[in-house]
Structure formats: structure tokens, C-alpha cells
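Here are a few notes to read beside the model. Keep the 3D view open as you go.

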Amino acid sequence: MKLAKNVFIVSLAFLSGSTMATQWEKIRKPISGQPQSIGGYSNGCIIGAQPLALKGEGYQVIRSIKNRYYGHPQLLDYLTKLGQRTKASGLPPILIGDMGMPAGGRFSAGHASHQTGLDADIWLRFGPMDDETARDPAGLATLMVDRDRQIVDERVWTPGQFNLIKLAAQDSRVNRIFVNPAIKVKLCNMEKVDRAWLQKIRPWYGHDSHIHVRLSCPQDAKNCENQAALPAGDGCGAELYSWFEPAPKSSTPKSKVLPATSYQCQMILSSQGLE
């Protein structure tokens with residue numbers, strides 16, 4: 001657990017330490033070609049990304065002003081089907097936040113991952129929103145966690161959030177879903193029968209107003225790098241509760257050493273006149 005906490009601190013230093021646009025943020029349209037996710041979730045890119053329609057059955061895209069609603073066709077299919085399933089279950093429209101940029105790649109701020117078109121954030125408050133608000137809903141996220149007490153805030157948590165996360169996890173394409181550790185505890189306590197899906201629910205800092213869904217690499221994506229396999233079990237034991245232990249006092253922020261861009265992704269940049 002100490003390692004994970006140190007990684008979090010390093011990630012924060014990276015996410016908050018830069019305001020200059022990356023080369024990837026200068027690409028405004030997808031790279032044409034057969035859809036291919038390339039590299040790892042935190043060091044990759046994508047050819048043939050597609051934009052998700054801003055509205056669909058059971059869902060609505062928000063923060064479209066950021067131009068981060070692109071992804072691999074598998075991600076678009078997953079999100080549209082999730083919207084249909086949540087609607088069929090009686091839930092209001094789900095609000096889909098950041099996916100990826102038109103060519104994937106590294107952000108200047110806000111995300112260390114979301115680089116291969118296989119990640120998407122889904123808010124834990126439900127819609128709908130009017131179109132103007134949805135385009136830039138700054139400050140409208142609902143915190144589901146009492147940060148001082150490190151528990152779910154029962155004033156805003158409803159069975160709807162539980163049902164959304166469970167439905168989101170049950171698609172076989174989902175590799176893992178990141179949530180605040182307090183939300184993972186809540187899910188573990190609420191689920192009494194079918195606990196298999198809980199394995200995919202992984203605790204991570206932040207994520208107290210949204211979930212972060214990550215799909216596995218598509219089978220035909222030969223240059224896509226999956227994460228390590230998930231540990232066995234439902235993840236509701238000692239490892240989960242270790243997330244609530246204080247960080248070691250010796251932990252200090254460190255400079256983020258970014259990995260080198262892969263050859264395939266560098267070729268994309270070069271094709272756009274970017275280096």
C-alpha cells in the first residue's frame with residue numbers, strides 16, 4: 001500500500017505541475033485508419049478513434065468543450081450499451097465525462113491515463129443536463145464521500161449509484177473500474193449475493209464523484225498493452241482497508257519521469273507535423 005500512495009503523490013505532481021498543451025492536445029481530429037489502440041493506458045495513442053454522439057439512449061456526454069469524447073469503437077459500443085442497460089433498469093441518464101482525445105496521447109493536466117481510447121469517466125450523479133450546462137458543467141459534480149470521515153455520504157448516495165457501478169462492471173470487456181476506497185467499502189457491504197463483479201472494482205484516490213472505467217485491449221490490438229491481471233478474490237479484505245492507513249511521513253513528492261513515446265505514437269505525431 002505504501003507504494004501505491006507514493007505513486008499517487010507522484011501522479012498529483014505531474015497532473016498539477018503543467019499547464020502547457022501537449023503535442024497530442026494540438027490534434028483536433030482522429031487519425032484515419034483501422035482502429036488500433038497502441039501502447040499502455042498511461043503511455044499510448046490511438047489510430048481510428050471515433051467520437052461518441054453527445055446524446056444517446058440512456059446517456060449524455062458532458063464536458064464536450066474539452067474535446068475528450070473520443071475512443072476505440074469498443075469503448076463507444078460499451079458506453080452506448082451501458083446507457084441502454086441503465087435506462088432499462090430504471091435509472092436516469094448517465095453522464096459520461098472524459099474519454100480520450102482524438103488521437104489519444106498524453107494530457108497536460110487532468111489525467112495520467114486515458115491515452116489509448118479505452119478509458120472513460122462516468123459521473124456518479126445522474127442527468128439529464130441542458131445542452132449548455134452539459135458542455136461545461138464546472139462545479140456540478142456530486143461528491144459521494146465524506147472526505148473528513150472517509151466514508152460514503154449517505155445524504156447523497158442512493159441504490160442508483162450501486163446499480164450503475166454493478167451494471168458497468170458486468171460487461172466482459174471491462175478490465176477494471178476505479179473508485180474511491182470508501183465507495184469500494186460501500187459496494188462490498190451492499191452486495192450480498194453476486195460478488196464476482198467486485199473483483200473489477202479497484203480503490204484509488206480521488207474518484208469520489210465519478211467512476212473510471214477501463215476496458216481490456218481489443219483482441220486484434222497487437223500493440224496494445226494490458227495491465228497486470230487482477231488479484232484473486234473480491235478485493236474486500238485487508239488490502240482494501242489498508243487504503244485508509246496514513247501515508248508514511250517520509251513520503252515526499254518526486255519529479256515525474258515520463259516514459260519515452262513509443263515508435264508508433266511518435267510516427268503519428270510526425271505525420272501531423274508535430275515532434
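How many cavities of 30 Å³ or more does the structure hold?

1. The model is predicted, so keep that in mind throughout. It holds 2 cavities of 30 Å³ or more.

2. Start with the largest cavity. Its space is about 40 Å³. Trp24, Asn43, Gly44, Arg106, Gln115 and Thr261 line it. By class, that lining has 4 polar residues, 1 nonpolar and 1 charged.

3. Now find helix H2. It runs over residues 73-88, which makes 16 residues. From first C-alpha to last, H2 reaches 23 Å. That is close to the 22 Å expected at 1.5 Å a residue.

4. Which residues of H2 are buried? They are Leu75, Leu76, Tyr78, Leu79, Leu82, Gly83 and Thr86. Look down the axis of H2: these buried residues fall within an arc of 160 degrees, so they line one face of the helix. An α-helix has 3.6 residues a turn, so residues three or four places apart point the same way.

5. Check what comes after the helix. H2 is followed by glycine 90. The phi of this glycine is positive, near 95 degrees.

6. Finish with the second largest cavity. About 30 Å³ of space lies in it. Its lining consists of Tyr78, Lys81, Leu82, Arg85 and Asp171. Of these, 3 are charged and 2 nonpolar, with no polar residues.

Note on methods. Residues are numbered from 1 along each chain as its sequence is written. This is a predicted model: local features need pLDDT of at least 70, side-chain atom pairs count only at pLDDT 80 or more; totals for chains, interfaces and linings use all residues. Side-chain values use heavy atoms; hydrogens and water are left out. Helices (H or I, at least four residues) and strands (E, at least two) are DSSP runs, numbered from the N terminus. The expected span of a helix is 1.5 Å times one less than its number of residues. Buried means under 20% relative accessible area, exposed over 50%, partly exposed in between (1.4 Å probe, protein chains only). The arc is that of the directions from the helix axis to the C-beta atoms. On a 1 Å grid over the protein atoms alone, a cavity is a set of points where a 1.4 Å probe fits but cannot get out, and a pocket is an open set with protein on both sides within 12 Å along at least five of seven lines; lining residues have an atom within 4 Å of a point. Grid points are joined across faces, edges and corners, and a volume is the space filled by probe spheres set on the points. Ala, Val, Leu, Ile, Met, Phe, Trp, Tyr, Cys and Pro count as nonpolar, Asp, Glu, Lys and Arg as charged, and the others, Gly among them, as polar.
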